[in-house]
Amino acid sequence: MQVDETIIRNVVQQVLAEVGQLSAINGAGGNAGRHGIFTCVDEAVAAAAEAFDQLSRHTTEDRRRIIDHIRRIAIDQAVELGTMEMEETKIGRLEHKIEKLRMLGERTPGVEFLRSEVFSGDHGLTVIEHAPYGVIGAITPVTHSLPTITGNAVSMIASGNTVVVNPHPSGKRVAVEGVRRFNEAIADDVGIDNLICVIAEPTLDSANALFKHRDIACICVTGGPAVARAALNSGKRAVVAGPGNPPVVIDETADLDRAAKAIIQGASYDNNLLCISEKEVFCVEAVFDQVMTAMERNGAVRLNATEIERLTAVAITSVGKGEHRHDVAAKDYIGQDAAVLAKAAGRDVPADTELLFGEVAETNPFVPVEQMMPFLPFVRCRDVDEAIAKAKHYEHGFRHTAIIHTNNICNMTRMGRAMDTTLFVKNGPCMAALGLGGEGYLSFSIATPTGEGVTTPLTFTRERRCSLIDDLHILGKN
Ligand code: NAD
């Protein structure tokens with residue numbers, strides 16, 4: 001038979017139609033083709049619940065395949081999506097927006113992190129497995145909109161959940177575009193749509209609707225004090241990755257150039273937007289002046305007292321009324337380049353300056369405030385005891401992150417005990433605590449008040465115990 005073009009076209013069309021039907025059957029019912037984008041919370045939760053049902057009928061290997069699509073898109077399209085995030089949010093540094101997406105795509109723990117526990121003995125065999133919750137509600141920050149969604153989606157889907165995300169309104173467009181791309185690739189390959197749903201027009205009302213929704217089994221919130229409080233009061237199982245104000249202590253035994261390099265790397269990353277970033281330094285008097293020189297030698301620009309005063313006047317503002325009145329970082333300066341802050345301080349610095357710093361009194365608001373901008377205040381302390389005490393005070397009990405530069409093991413131990421933080425870094429930049437230059441694994445949702453720490457697929461699971469009585473303990477008596 002002569003195979004002509006018309007026959008080929010007909011066959012291709014028939015195959016495509018069948019694949020389409022199959023994908024509709026396998027896909028999330030009437031919501032197939034939405035690729036996770038919704039304006040209504042009820043519809044998004046319903047679609048994610050249907051997707052959860054579908055996912056439950058797939059193997060762990062299929063979950064790995066699904067996650068591989070998320071990883072591939074985050075890595076291969078990091079430049080395009082990172083640029084989109086930078087253009088939309090207008091905070092941070094482009095190179096780090098791109099790097100964060102790649103990092104989360106490459107290094108977020110996946111299905112390989114799942115495990116079961118076994119108890120075997122005279123009375124038989126008990127296996128504890130880690131089951132998904134179902135549909136998780138996630139709230140994500142403007143500081144890392146798509147990176148947080150990427151990491152959350154990998155962890156949550158690895159353990160068999162689906163997720164509805166209420167992104168920060170100022171990072172919603174890149175959130176929607178990323179989610180669309182993830183779902184499209186997953187649906188094309190595995191035939192399930194809407195594993196990750198996103199509210200395209202997020203508001204506080206939509207966040208609260210998610211918190212209260214009866215079909216949301218668990219919430220995961222990554223953000224500042226207000227949303228952390230709201231999540232803790234939601235009455236739902238909540239994984240809360242809350243705010244921090246990471247202090248740094250430097251004692252007289254530290255390697256000062258190593259300390260300066262690490263502090264500059266951590267505090268300038270993405271213009272200080274990381275929740276783990278160095279936010280204030282308490283340095284002992286004995287090496288204070290040498291540390292300031294080491295900071296300059298390694299590329300940071302030192303502001304004088306008048307310049308710091310000018311910067312403080314515009315970059316820190318007050319909110320709240322009466323007893324609730326407190327200082328916060330001014331929105332116009334959060335995540336801006338060091339050169340922009342320097343201009344506000346009355347100084348011209350090269351555009352590629354990574355970090356500004358300077359000596360301040362403890363009373364300067366840059367010390368208590370989580371500034372999220374590349375100016376780092378240094379406070380002179382009598383000795384290491386005073387430095388640790390101040391570090392503890394200004395961490396505000398968030399128990400998030402603390403850092404010390406020292407070669408004295410006793411001082412490390414004392415500070416570790418005193419701070420009681422989720423992350424404690426010795427002699428490195430903050431990101432070393434997330435496996436970036438240190439040992440360990442990565443997540444951008446570090447659960448602090450609720451205690452789960454650096455989240456993994458296991459964070460989003462319920463224990464299920466299965467006991468067989470008297471049998472299958474094959475080492476038992478004959
Ligand atoms: P943010 O608190 O302004 O917003 C975070 C998210 O919460 C957004 O989606 C926002 O719309 C929502 N939100 C805010 N108030 C809410 C409320 N009352 N009810 C419901 N939703 C609410 O924070 P941001 O500026 O986007 O992000 C920076 C903050 O997040 C910093 O405090 C930082 O330390 C923290 N953070 C923590 C982690 C962590 O892993 N612990 C990671 C990243 C950021």
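**Exercise 1. Classify Cys40 as buried, partly exposed or exposed, and state what its sulfur has as nearest cysteine partner.**

Step 1. Cys40 has a relative accessible area of 29%. Buried means under 20% relative accessible area, exposed over 50%, and partly exposed in between (1.4 Å probe, protein chains only). Cys40 is therefore partly exposed.

The model is predicted: local features need pLDDT of at least 70, side-chain atom pairs count only at pLDDT 80 or more, and totals for chains, interfaces and linings use all residues. Residues are numbered from 1 along each chain as its sequence is written, and side-chain values use heavy atoms, with hydrogens and water left out.

Step 2. A disulfide is a pair of cysteine sulfur atoms within 2.5 Å. Searching the whole structure gives zero disulfides. For Cys40, the nearest cysteine sulfur belongs to Cys197 and is 11 Å away. For Cys275, the nearest is that of Cys430, 8.6 Å away.

**Exercise 2. Check whether the span of helix α7 agrees with its number of residues.**

Step 1. Helices (H or I, at least four residues) and strands (E, at least two) are DSSP runs, numbered from the N terminus. Helix α7 covers residues 172–190, which is 19 residues.

Step 2. The expected span is 1.5 Å times one less than the number of residues. For α7 this should give 27 Å.

Step 3. The end C-alpha atoms of α7 are 26 Å apart, which agrees. Just after the helix, Gly191 takes a positive phi of about 85°.

**Exercise 3. Describe the order and the edges of the six-stranded open sheet.**

Step 1. Two strands pair if DSSP finds at least two bridges between them. The order is β1-β6-β5-β4-β7-β8, with parallel pairing.

Step 2. The edge strands, β1 (37–38) and β8 (238–241), each pair on one side only.

Step 3. Strand β7 (residues 218–222) is joined to β8 by four bridges. Cys220 stands opposite Val239 in β8.

**Exercise 4. Determine whether Leu376 is buried or exposed, and describe its surroundings.**

Step 1. Leu376 lies in strand β15 (residues 375–381). With a relative accessible area of 1%, Leu376 is buried.

Step 2. Contact means heavy atoms within 4.5 Å. Leaving aside neighbours within four places in sequence, Leu376 is in contact with residues including Ile263, Ala267, Val281 and Leu355.

Step 3. Leu376 and Leu355 are 21 residues apart in sequence, and their C-alpha atoms are 7.5 Å apart in space.
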